[in-house]
Amino acid sequence: MSLVAHELSLINFRNAQDRTVILGEGTTILIGQNATGKTNTIEALQLLTTGSSFRHARASELLLHGKDQGRAAVQLKGDGRVVDVECTVTAAKKTFKRNGKPCRAQDLLGTLMSVLFCPDDLSIIKGSASNRRAALDSFGSQAHRGYDTILRTYLRTIEQRNALLKDVFVDTQLLTAWDESIALGGATLLTHRVSLFKQLVPYIQEAYATISGGEVLDCTYQSTLSNNITHLSREEVQQLFYDTLQQTREDDIRRQQTQLGPHRDDLLFSINGIDARTYGSQGQQRSIILAWKMAEVQLAQQLLGEKPLLLLDDVMSELDENRRKAMLSFISQGIQTVITTTNTSYFSADLLKQAQVITYGV
Ligand SMILES: Nc1ncnc2c1ncn2[C@@H]1O[C@H](COP(=O)(O)OP(=O)(O)OP(=O)(O)O)[C@@H](O)[C@H]1O
Ligand SMILES: [Mg+2]
C-alpha cells in the first residue's frame, strides 16, 4: 500500500487560524462557499508534498494576516510507516521538517507524489511554452530522483552563460568552457525530459479519447535543436547541442542570450490534426489538461509503484457532464483524492456516501 495523507493541520496558515482536516483514503470532498479556505487547504497539501505550491506564494503571503508564525503539517501513513511533514512559516521564510528533522523544500520530493488539477492549469495549453515546460518538469521532479537537480543545474549554467554574453568584451575561451558544460547538462535534461514525455503520451492519448468520445490527440515534443530529437542518444544530443552553440554564438552574443536549448523547447498538442492551442475550444483545451493529469497519475503508479495524491481544485464546475463523469469514474479507482466544490450536486449519491465530506464555513 502506498502512503496516504491522513491528517492535515493548519495554524495561522492563510485564512485558517486553527483547522484540522482528517482525509479519507479514497475521496475527500471539501465543500463550502467562496472564500472559505478550500483552495488554501489544497495549497497546503501541495506545499507539504512537493515543497512548492501552484500559487508560488512568498512566506509572508502564507501567514495569517497579523500573525508572526504559522504552520502547516500533514501526517502520511501506509506500509506500516508514519511520515510527518511540516512547514513553519514566518514573515521571512518557510522552513520544512520531515519526521522532526529539518530538510530543504526539494528534499520533500519523492515522499508522497501529488498531482494537482486547477482552473489556472488552462495556461498549460493557452499560455507560453514556459508553462508547458514547467508542467512537464514539475512532474519529472516528483517522478525521478535527481531530475530537479539536473534541471536547476542546467538553468543556472544558462543564466551564467547569458551573464557572460552581456559583458562588453565577451571572453570566448570562457564561453567555450560554459558551452561544454551546458551541452552536457542540457543533453542530460533533454534525454530525461523526452523519455518522460514519451512515456506520458500514450496515457494522455488514451485518456483524451475516453473523455472526448473518440477525438484523436497528438502530442509532440518540439525541440529547438532538432526535429528528430526523440531518436537521438544522450551523447548525440550533447554533440548536437555543443555544435549548435558554436553555430549560434555570434547571434547569441548580439542578442545577449542563449537562444536554443531545452530552456526554449515546447510541447505541441493537436486534435484530429489541428493545433489545439490556436484552434481548440476551451472545453477541448481543458480536456487535454484533464487527460494529462490522469496520465501523470497512471505513469506515477507505473514508475514508482505508488499512488499519488490527486488534488482537484474547483474543476467540476469547469467540466461538462461527460467529462465530469470521466473524472469521477477515474477517481473512483482507488486514488486518494481531495476535491473542492461549492456544490455537491455534481457528485452521485453513491460517491457522497463513500466520500469523506467536509463542510467549510465562513
Ligand atoms: N495570508 C492570509 N491571511 C488571511 N487571509 C488570507 C490569506 N491569504 C488568503 N486569505 C483569504 O483566505 C480566503 C479563502 O481563500 P481560498 O482561496 O482558500 O477560498 P476558497 O474557499 O477556495 O474560495 P473559492 O470557492 O472562491 O475558490 C480568502 O478570503 C482570502 O482572501
Ligand atoms: Mg478556491
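Student: How do you know at what angle helix H5 and helix H6 cross?

Tutor: This is a predicted model, where local features need pLDDT of at least 70, side-chain atom pairs count only at pLDDT 80 or more, and totals for chains, interfaces and linings use all residues. Residues are numbered from 1 along each chain as its sequence is written. The axes of H5 (residues 147-165) and H6 (residues 172-212) cross at roughly 145° and come within 9 Å. Axes are lines fitted to C-alpha atoms, for helices over the stretch in contact, and angles run from 0 to 180 degrees between N-to-C directions. Helices (H or I, at least four residues) and strands (E, at least two) are DSSP runs, numbered from the N terminus.

Student: What makes up the contact of H5 with H6, by class?

Tutor: H5 passes H6 in a left-handed crossing, and their contact has 13 nonpolar, 7 polar and 3 charged residues.

Student: Why are strand S12 and strand S13 called a pair?

Tutor: Two strands pair if DSSP finds at least two bridges between them. S12 (residues 309-312) and S13 (residues 337-341) have 3 bridges, in the parallel sense, so they pair. Leucine 310 stands opposite threonine 337 in S13.

Student: What makes S8 and S14 edge strands?

Tutor: In the open sheet of 5 strands, the order is S8-S12-S13-S3-S14, with parallel pairing. S8 (114-117) and S14 (356-360) each pair on one side only. Neighbouring strands of this sheet are turned by 15° against each other on average, direction ignored.

Methods
Chains lettered and ligands numbered in written order. Heavy atoms only, no water. Left-handed = near helix turned anticlockwise from the far one by under 90°. Nonpolar A, V, L, I, M, F, W, Y, C, P; charged D, E, K, R; others polar.
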